[in-house]
Amino acid sequence: AIKRAVNRAGTRTKQAAVAVAGSAVITKIISMPASLSDDDMADQIQLEADQYIPYPMEEVNLDFEVLGISEKNEEMVDVLLAASRSENVDIRVAALELGGLTAKVVDVEAFAMEAAFSLLGHQLPDGGEGKTIAVVDIGATMTTLSVSHDFKVIYTREQVFGGKQLTDEIQRRYGLSYEEAGLAKKQGGLPENYEPEVLQPFKEAMVQQVSRSLQFFFSSSQHNSVDHIVLAGGCASIGGVDAMIEDKVGITTSVANPFANMSLTSRVKPDAIREDASSLMIACGLALRRYSEK
């Protein structure tokens, strides 16, 4: 699939960025002396990492980023530590290699989403500045809630729910193959009872998932509200679901479109990119990465 996409795009690029799901990544902010050089800090982190990582270090891919001077001690810096089992990284690297690409960056989905968030200012109250925004990414099998304040992610949570459940129900109800059900879900042509008996219950389940995710956030943080909800992922493009969520939870809701303020080449069909825009937030975040970055 990756190779077909590369060939179809006609790109000569051979380097790529991928992301690991947040559930497969351990992150922790630690404090280190500000006087350490990058090399010394890397050596020190390798020595101390087993305090934070519950796996044998030889089975882990580990990286770090200096966030800045610690608010608690000016002689220390806050360092973001991120680690994942090597198998989670290796499987993505191998998939790219099958497509003729080399993995230059392996990021974390939550961080890629945070990077893409900067493209949504036009959709947010006051451009998002000083606001608490909930991004609900409803993918094929997983729903991820990322809450940011002033464009910095302060909370993430994943739960098992996604568009595959709708595809499975279409397949079961109408006797289609999985591939046929997926195409019918996107292109239409299903019997008249599809919308009231299959699609509407799924949309109601989406609303419940969003409401439940927000309640988990409110109960585990100092926040008891958010200023705006942004829907991302393939399921976000289902017609009318944003209005249903807004009506249920009482919070203004919109569907993510990170391409809204971008210029499009003549080879890109505007209608097609608008239809898929909400599912490409993580891809946009990865595309914003510079290969010179750590």
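**Close-up 1. Strand 2 and strand 4 pair in antiparallel fashion.** In this predicted model, nine bridges tie strand 2 to strand 4, the latter covering residues 76-85. To find your way along the pair, look for Ser31, which stands opposite Asp78 of strand 4.

**Close-up 2. Three strands form an open sheet in the order 2-4-3.** Stepping back from the strand pair, we see the sheet, in which the pairing is antiparallel. Which strands sit at the edges? They are strand 2, spanning 25-33, and strand 3, spanning 60-69, and each of them pairs on one side only. Leaving direction aside, neighbouring strands of this sheet are turned against each other by 25 degrees on average. As a reminder for this view, strands of a sheet pair through backbone hydrogen bonds, in either a parallel or an antiparallel manner.

**Close-up 3. Helix 2 packs on the sheet.** Here the helix, made of residues 38-48, touches strand 2, strand 3 and strand 4. The direction of helix 2 makes about 125 degrees with that of strand 3.

**Close-up 4. Strand 7 and strand 8 make an antiparallel hairpin.** Eight bridges connect strand 7 (residues 142-149) with strand 8 (residues 152-160). Met142 has Val160 in strand 8 as its bridge partner. Now for the turn: two residues lie between the strands, and Asp150 adopts a positive phi near 55 degrees in this hairpin.

**Close-up 5. Helix 7 crosses helix 8.** The helices in this view are helix 7, residues 194-219, and helix 8, residues 241-249. Their axes come within 10 Å and cross at roughly 45 degrees. Because of that angle, helix 7 counts as oblique to helix 8. What is the handedness of the crossing? Helix 7 passes helix 8 in a right-handed crossing.

**Close-up 6. Side by side, the residues where helix 7 meets helix 8.** From helix 7 come Gln200, Lys203, Glu204, Met206, Val207, Val210 and Ser211. Helix 8 contributes Val241, Met244, Ile245, Lys248 and Val249 to this contact. Sorted by class, the contact of helix 7 with helix 8 holds seven nonpolar, two polar and three charged residues.

**Close-up 7. The protein is divided into two domains, domain 1 and domain 2.** How far apart are the C-alpha centres of domain 1 and domain 2? These centres lie 28 Å apart.

Note on methods: Residues are numbered from 1 along each chain as its sequence is written. This is a predicted model: local features need pLDDT of at least 70, side-chain atom pairs count only at pLDDT 80 or more; totals for chains, interfaces and linings use all residues. Side-chain values use heavy atoms; hydrogens and water are left out. Axes are lines fitted to C-alpha atoms, for helices over the stretch in contact, and angles run from 0 to 180 degrees between N-to-C directions. Helices (H or I, at least four residues) and strands (E, at least two) are DSSP runs, numbered from the N terminus. Angles under 35 degrees count as roughly parallel, over 145 as roughly antiparallel, 65 to 115 as roughly perpendicular and the rest as oblique. A crossing is left-handed if the near helix is turned anticlockwise from the far one by less than a right angle, and right-handed if clockwise. Contact means heavy atoms within 4.5 Å. Ala, Val, Leu, Ile, Met, Phe, Trp, Tyr, Cys and Pro count as nonpolar, Asp, Glu, Lys and Arg as charged, and the others, Gly among them, as polar. Two strands pair if DSSP finds at least two bridges between them. Domain bounds come from an automatic or database domain assignment.
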